[in-house]
Amino acid sequence: MIRKTRGGAKSAQDKNVGSAQELPEVSVSDDGDIRYLHLGTPWVQGSMRIRDPFDIDLEYVQRMMGWLLFAEPAEVPRMHAMQLGLGAAAITKFCHKKLRMKTTAVELNPQVLAVCRSWFKLPPDSSTLQVVLADAAQEIKKPEWQGTVDALAVDLYDHEAAAPVLDSAEFYTDCRNLLTEDGIMTVNLFGRSSSFDKSLDQMAQAFGEDALWAFRPTREGNTVVLAQRRPRVLQGTELDLACDQVQARWDLNTTRWAKVFVPARDAEAGSKTARSRVARIGRGAAE
């Protein structure tokens, strides 16, 4: 998730849609052609371009599709994508509609699912699309999911966006167990606390240091980390060609990807700088 800063939806009309007990209130706001999802705070939990509801709007969410760099395009429709945390359903919709993949999402809050169906064009469940209302930490331990997921997207933050809700070596080991041999997990790391180093350490325990790659942080402070079940290297000309292929085939903006895709530890310094910048923005917005 990111935070809308000054210059965002100054006159957007919030649509409060209620919440389940002990779960944050879910609301929607519009700013021109962009629709935002909120969980009880101004922090943006997801967005959608109203005229292009199955495209991915936010930069960091596009980077969550970085696993496509390692995929054979013809094989993608035969793969299985899973998302932990539905958000505004951008990844779920893109995998289902654009990539034609079997797609599963796990979401704890039933109101988030209801809002995605009502306001964010999420299609109903079908033979190729399933949204499971469950605690992700428990759901991913089930035997039927083990070794079945080719692309796992993890974006699990609470409504305060301070640190990942699930962020232990045990959790990331469970995520690794979901993956096929060539499967890849992408994780959004973001926070106003210094959680990036800790998160990376937990992932390294589960996947190994050489399996972790990352995009340098976006301006808003989102750092997307890729963790591979089977470590593979993609650099230089091969990386440039992969970026061009992803952009041409799936219309994702990969123009800068090759310049900011690095071994995960190399992204740490950039993440610290971005956190400091976001903290300054947050203080300014609160004044």
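Residues are numbered from 1 along each chain as its sequence is written, and side-chain values use heavy atoms, with hydrogens and water left out. Because the model is predicted, local features need pLDDT of at least 70 and side-chain atom pairs count only at pLDDT 80 or more, while totals for chains, interfaces and linings use all residues.

**The sheet**

Let's start with the strands. Helices (H or I, at least four residues) and strands (E, at least two) are DSSP runs, numbered from the N terminus. Two strands pair if DSSP finds at least two bridges between them. Eight strands make an open sheet with mixed pairing, in the order S8-S7-S6-S9-S10-S12-S11-S13. Strand S8 (129–133) and S13 are its edges, each pairing on one side only. From one strand to the next, the twist averages 20° (axes are lines fitted to C-alpha atoms, for helices over the stretch in contact, and angles run from 0 to 180 degrees between N-to-C directions).

What joins strand S10 (residues 179–189) to S12? Six bridges do, and the two strands run antiparallel. S11 and S12 also pair in the antiparallel sense, over three bridges. Some of the residues facing S12 are listed here.

| Residue | Stands opposite, in S12 |
|---|---|
| Valine 187 | Valine 225 |
| Leucine 212 | Alanine 227 |
| Alanine 214 | Valine 225 |

Why is strand S12 (residues 223–228) largely enclosed by the rest of the structure? Six of its six residues are buried, where buried means under 20% relative accessible area, exposed over 50% and partly exposed in between (1.4 Å probe, protein chains only). Thr223, Val225 and Ala227 point one way from S12, and Val224, Leu226 and Gln228 point the other way.

**Helix H5**

H5 packs on the sheet, touching strand S6 (80–84), strand S9 (149–154) and S10, and its direction makes about 140° with that of S10. Aspartate 174 lies in this helix (residues 169–178) and counts as buried, at 14% relative accessibility. Leaving aside neighbours within four places in sequence, aspartate 174 is in contact (heavy atoms within 4.5 Å) with Ile140 and Lys141.

**The cores**

A nonpolar core is a set of buried Ala, Val, Leu, Ile, Met, Phe, Trp, Tyr and Cys residues joined through side-chain atoms within 4.5 Å. The largest has 37 residues, of which Met65, Trp67, Leu68, Leu69, Val76 and Leu99 touch the most other members. Suppliers of at least two residues each include S9, S11 and S12, while H7 gives the most, with five. Another core, of 34 residues, lies apart from it and has Tyr172, Met185, Ala214 and Ala227 among its members.

**Rings**

Rings of Phe, Tyr and Trp (its six-membered ring) pair if their centres lie within 6.5 Å; planes under 30 degrees apart count as stacked, over 60 as edge-to-face and the rest as tilted. The count comes to five aromatic pairs. Tryptophan 213 and phenylalanine 261 are stacked, because their ring centres are 5.5 Å apart and their planes at 10°. Tryptophan 213 is in S11 and phenylalanine 261 in S13, so this pair ties together parts that are 48 residues apart in sequence. Tryptophan 213 is buried at 6%, and so is phenylalanine 261, at 5%.
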